[in-house]
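I set out to look up two local regions and to note how each is arranged. The entries follow the order in which I consulted them.

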Amino acid sequence: MSAHTMDISLTVNGEAVNERVEPRMTLVDFLRENLSLTGSHVGCEHGVCGACTVRVDGVVVRGCLMLAAQCEGAKVETIEGVSDNGEIADLQIAFEQRNALQCGFCTPAMLLTAQELLKAGGVPSRDEIREHISGNYCRCTGYHAIIDAMESVAQARAGGKK
Amino acid sequence: MKIVDDSPPVLSALDRPNSYIGRSVPRPNLARLTQGRGQYISDVVLPRMAHVAFVRSPHAHARIKKIDAAKAKKSPGVIAVVTGPEFTKVMTPWVGVLTHLKGIKSAPQYPIATERACWQGEAVCAVVARTRAEAEDGCELVEVTYEALKAVTDPETALDKATPVIHPDLGDNLCFERSLDAGAVDKAFAESDAIVETTFVFGRHTGVTNEPRAVVADWNPGEQRMTVYHGTQAPHMMQNLFAKHLALQEHQVRVLTKDVGGSFGIKVHTYADEMATVALSKLLKRPVKFVADRIESFVTDIHARDHRVKAKLGVKKDGTFTAFEIDDLTGIGPYSVYPRTSGIEANQIVNLTGGPYKCPNYRARARVVFQNKNVMCQYRAVGHPIACAVTEGLVELAAAKIGMDPLEIRRRNLIADDAYPTGSASGLKFEQLSHHEALAHLDAMMNYAGLRAEQAKLREKGIYRGIGFASFIEVTNPSAAFYGVGGARITSQDGATVKLDATGAISIHSGVTEQGQGAEAVMAQCVASAFGVPLDKVRVVTGDTDNVPYGGGTWASRAAGIGGEAAWQAGKALRQNVLAVAGSILQAKPEDLDIRGGIVVDKSTGTERLPLDELARVAYFRPDTLPPGFQAELMATRHYVPRAWPFAFTNGIQASYLEVDTDTGFVKLLKHWCVEDCGTIINPQLVDEQVRGGVVQGLGGALFEQCLYDERGQMLNGNMADYLVPMAVEMPDIEVGHVVSPTADSELGAKGAGEAGTAGAPGCVMNAINDALRPLGAKPLTDMPFTPGKILLALGRV
């Protein structure tokens, strides 16, 4: 319980947001509860499973390990934003075609983490892909299909080189 | 590039124009999920909705002396603080027993503890507030006075006279016991050339669904109806249970599932805190939401697999198995879980051990004992990973003992592919399995001889790689034999309703549920194929007891085999109805017409006669132009339940190739293979991904996952940092192959595929680790999970 609140101003998916929050509110709870952006999910609330992954000022972060109050002036991007602007459309199609998701609960976060790696350019090896997404737990797929989908997008972005 | 839009069609006898059976079409509902537009129960928000948090017992066993809620009631945002006795006014307790598990017993369980808490994590008080955070604030202010009682935490001594009885009314701590003695076991052991005997231990683990359990209950006194938004696998089962224990009629309860963030058997049971949430909605006359947080998940989601199995196999010099014998002991929680019971896993172990092999001599005993730990119940592949690891562990120990190749000893004992129909020593009935063909397929797929050569070469360099196998059978498509005969209102049949809308598109309402496995895609494929429309004309609705046919939902690998057949038959029925309308409009015989690509055509020539949208227009808006007395019926419902066999058994074999670092004890999984036979394959990609996902859950149990308890019944690793689940970097690529032996019980011939991976993977990895370490003289490892510490201990390094 907190008697105090804070006013924060930030940009979420390109839209200006001014909200009053409790200091204890995490970024992911803020996105889900205050802004109804429910594409970011809450899995473990202690920074392990990665389901709450969002981007803050271009960097992938855990939405459960950052407080909303820390986001004053920040540029926050969520799965809703990168879906609407088409940034990861090829990744999304690859995930759908390859069935690289089952329940889909980890998927928005997995896509943001995948984009972080693929944005760096080049075609990472399967081992490098596995390493990079290891902070995002998937309990359904066994990961193989996710690796396939990411690999195919990396190759396509690199000009179809195999 | 491994993505294919459509796999090479594996065409079956069911093939016809618009056939999607055997094709890897993408699931229709995925774009929603990749865009973050899914709606999970944890996303549901309703007007006037309140949140509940629970005060949970810190003791494994304690008497509740006093609960002082005065401070909590004054906490900002708190709406109500409710304790056990108040719940008894609106909800009756339940007892998790089934009549076909002879002698099983349990004690009445309440929504929250009334006098005694029987495990660490059991709810003792509910705090309802405007937000979850405020509800948790309230929980912190509830003062509970406990009198700690002695906790029963060791299954080995649970039945000793000196051990306290958790529920004195039951007389002892024995929940269930089963014995089986087939053939002449003692004689067979006496006639064996060699006997292998060991004890297998399986770590208690749990499902760790990424989305924790979630429920929103909405009692509307105006309608006298309870709507429950519930992340469940079995909506109709829950409808019945909510109604029964709230003293409502079933039609007063509606269960909606929406998207579910992982289930794996975790979300097919009755949870006290979910029942409490529903009761609170009734008490408070407003929507109440409960979403478990991660610690709550670890201490209340069902656990599974806590088994100790003493096991023995006799073998002749030529590799012939003479007899299997097992003694299983499992420590469940303080209650048998309602309504499926906590006796099923042990029962399955008795049923399944030795199952792939021809060996008439089999003796088994299983005992299920109560513990002051979290409850245990059915998790993906129920009993299979244990029965399989025990059987296959013994098989490879026997092979090593008589100096025979592990695949060769299987070839000499697996039930012959032409021996069906046949059965097992435990009484299981097999319609048609393909162990030998699967083994041959696996042998070729993995280049077994090549891997053995590589393994030998690397050993010379001090690199220890292992190859392990596991043949398996899997229970799928359960008939009423699973639960119905035991008195549980869990239906084994399932239904599908198919409707042609006014624009010529199709909707399907199915009683099975989508948990991410792709059930909706399978239903769409079945109906599009049977009816004759492109897939994009088909929409699927599941998970709503007000709107779908009565069905069992998703469990025991039943959705495709049972729900798919119902959808297939409904599609065929609607096709006949639509052709009757077409015949009437076209003045043609219905049997001379066909539906292809959403158009009524001449069957013989394929000439287009009538698009479906035109047919629908006439039927719905100008029925006056149809002949007198003719009524178009553009909706059809069909149900299906397996009748010829209690279960449609599937089979297969897995192989693991791994490397053990003998200095650190770490296991690096290099590659995994699975060949399985689920009968007709409706969607190859979905089957492959069920296998892969299942394998990785099995690998988790084999290498990482364990709910660690101390002797006081305290769970020590109830968080995701300490309870390890498989990460991408630790997992291998998994190659999947198929043999196809359709079941003749249904027209589609599809069996289930959801649990095969989990069934075989742990035993397979165990055998590979022991294969790697055998030249080093290590004592075979049989105690899962195989942590680096245990491996170093086996190597004598620590």
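I began with strand β25 (residues 599–602) of chain B, which pairs with β26(B) in the antiparallel sense over three bridges. I took strands (E, at least two residues) and helices (H or I, at least four) as DSSP runs, numbered from the N terminus, and counted two strands as paired if DSSP finds at least two bridges between them. B:Val600 has B:Leu610 of β26(B) as its bridge partner. I then noted that helix α16 (residues 612–621) of chain B packs on the sheet, where it touches β25 and β26 of chain B. The direction of α16 makes about 55° with that of β26(B). Such angles run from 0 to 180 degrees between N-to-C directions, with axes fitted to C-alpha atoms, for helices over the stretch in contact; contact requires C-beta atoms, placed from the backbone, within 7 Å.

This is a predicted model, in which local features need pLDDT of at least 70, side-chain atom pairs count only at pLDDT 80 or more, and totals for chains, interfaces and linings use all residues. Residues are numbered from 1 along each chain as its sequence is written, and chains are lettered from A and ligands numbered from 1 in the order in which they are written.

I turned to chain A and found helix α1 (residues 27–34) largely enclosed by the rest of the structure, because six of its eight residues are buried. Buried means 20 or more other C-beta atoms within 10 Å of the residue's own, C-beta atoms being placed from the backbone. Among the buried residues I listed A:Asp29, A:Phe30 and A:Arg32. Their cover includes β2 (15–21) and β3 (53–56) of chain A. Just after α1(A), I recorded a positive phi of about 55° at A:Ser36.

Technical notes. Buried ≥ 20, exposed ≤ 12 C-beta atoms within 10 Å, placed from the backbone. Contact = placed C-beta atoms within 7 Å.
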